[in-house]
Amino acid sequence: MVVFEPVLLVAVLTGGANMPNRQVVELRNRIIGVVLRGARERARMSQEECAEVLGLTPEQLAAYEAGETPISLPEMELLGRFLAIPLHSLRSERVTVDESRAQLPRPEYFLPLRHRIVGIRLQQARMESGRSLEDLAALLELPVETLTSYEFGEVAMPLAELELAARALGVSLDAFGDRDSHVGRWHMLQADFERFSELPDAVREFVARPINLSYLELAMKLAQMPAGSLRQIAEALLEITF
């Protein structure tokens, strides 16, 4: 378990009340760095090994861990897959290690593509929210040119800034996550496992029994039906019962 300075953690989790957004981002970068270092050490990986995965030098990775250089979401995704640690764990103070390993995509191909995808989704979210480039840039306390370079994927957007932008645009950070590569699919699967583990014991036992598959499939079909159709089914069942 990673322990944060109370003032630092409260400031970020409360959205940095009475604190400039730029300072919130800097504090968040420090927290992310602490989590990254803790995750790497728990996985018993060296800075050299992790740096190679991202196409960085050990010194650059050390700067990430110190919170001096901000890490991007695509870099977190790739590093999390290498360490076999789900993305949601890397973004919080809870870090659990899965010992599995997989062949990873080459960072020089994977990361530029992911940065472009993040930029496109950021632009879409901004336009759907009705915010202008100037408006969002002012909120993030960034030059308009910097935000433009993020949206075009020319520059990697720091994760802490992306979190702040997502909150301002009213979207989840998951909207920017990788859904297509095996890296992204692995993270989504881990998130599914996490949600499943949080279900009540009786529900987990019911779902885990293959004999109950037909009931689950029926429940899924019912969940997709319009309210009017469900009402008709309920009325028909009442007639049969009584």
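The model is predicted, so local features need pLDDT of at least 70 and side-chain atom pairs count only at pLDDT 80 or more, while totals for chains, interfaces and linings use all residues. Residues are numbered from 1 along each chain as its sequence is written, and side-chain values use heavy atoms, with hydrogens and water left out.

## Overall composition

The protein contains 14 helices and zero strands. Helices (H or I, at least four residues) and strands (E, at least two) are DSSP runs, numbered from the N terminus. Of the 242 residues, 40% count as buried. Here buried means under 20% relative accessible area, exposed means over 50%, and partly exposed lies in between, with a 1.4 Å probe and protein chains only. Contact means heavy atoms within 4.5 Å. Among contacts between residues at least 6 apart in sequence, 63% join residues at least 24 apart.

## Packing of helix pairs

Two packed helices are described by the angle between their axes and the distance between the axes. Axes are lines fitted to C-alpha atoms, for helices over the stretch in contact, and angles run from 0 to 180 degrees between N-to-C directions.

| Helix pair | Angle between axes | Distance between axes |
|---|---|---|
| α3 and α4 | about 100° | 8 Å |
| α2 and α4 | about 120° | 7 Å |

Angles under 35 degrees count as roughly parallel, over 145 as roughly antiparallel, 65 to 115 as roughly perpendicular and the rest as oblique. The helix α2 is therefore oblique to α4. In this pair, G33, V34, L36, R37 and R40 of α2 meet L61, Y64 and E65 of α4. By class, the contact of α2 with α4 has four nonpolar, one polar and three charged residues. For these classes, Ala, Val, Leu, Ile, Met, Phe, Trp, Tyr, Cys and Pro count as nonpolar, Asp, Glu, Lys and Arg as charged, and the others, Gly among them, as polar.

Helix α3 covers residues 47-54 and helix α4 covers residues 58-65. These two helices are roughly perpendicular to each other. On the α3 side the contact is made by Q47, E48, C50, A51 and L54, and on the α4 side by P58, L61, A62, Y64 and E65. The contact of α3 with α4 has seven nonpolar, one polar and two charged residues.

## Two enclosed helices

Because 11 of the 11 residues of α5 are buried, this helix is largely enclosed by the rest of the structure. Its buried residues include the charged residues E75, E77 and R81. Just after α5, A84 takes a positive phi of about 60°.

Helix α10 (residues 159-169) is also largely enclosed by the rest of the structure, because nine of its 11 residues are buried. The buried residues are L159, A160, E161, L162, E163, L164, A165, A166 and L169. They pack against α2, α5, α7, α8 and α9. After α10 comes G170, whose phi is positive, near 75°.

## The cavity and its lining

On a 1 Å grid over the protein atoms alone, a cavity is a set of points where a 1.4 Å probe fits but cannot get out, and lining residues have an atom within 4 Å of a point. Grid points are joined across faces, edges and corners, and a volume is the space filled by probe spheres set on the points. The count comes to one cavity of 30 Å³ or more. The largest cavity holds about 60 Å³ of space. Its lining consists of S72, L73, P74, H115, V118, G119, Y150, V155, M157 and L162. The elements that give two or more residues to this lining are α5 (73-83) and α7 (107-129). Helix α7 gives the most, with three residues. By class, the lining has seven nonpolar, three polar and no charged residues.

One of the lining residues is S72, which lies in the loop between α4 and α5. S72 is buried, with a relative accessible area of 1%. Not counting residues up to four places away in sequence, S72 touches H115, A156, M157, P158 and L159.

## Residue H88

H88 is placed in helix α6 (residues 87-90). This residue is partly exposed, with a relative accessible area of 27%. Not counting residues up to four places away in sequence, H88 touches Q190, A191 and E194. H88 and E77 are 11 residues apart in sequence, and their C-alpha atoms are 9.9 Å apart in space.

Note on methods
1 Å grid on protein atoms, 1.4 Å probe; cavity = no way out; pocket = protein on both sides within 12 Å on 5 of 7 lines; lining within 4 Å.
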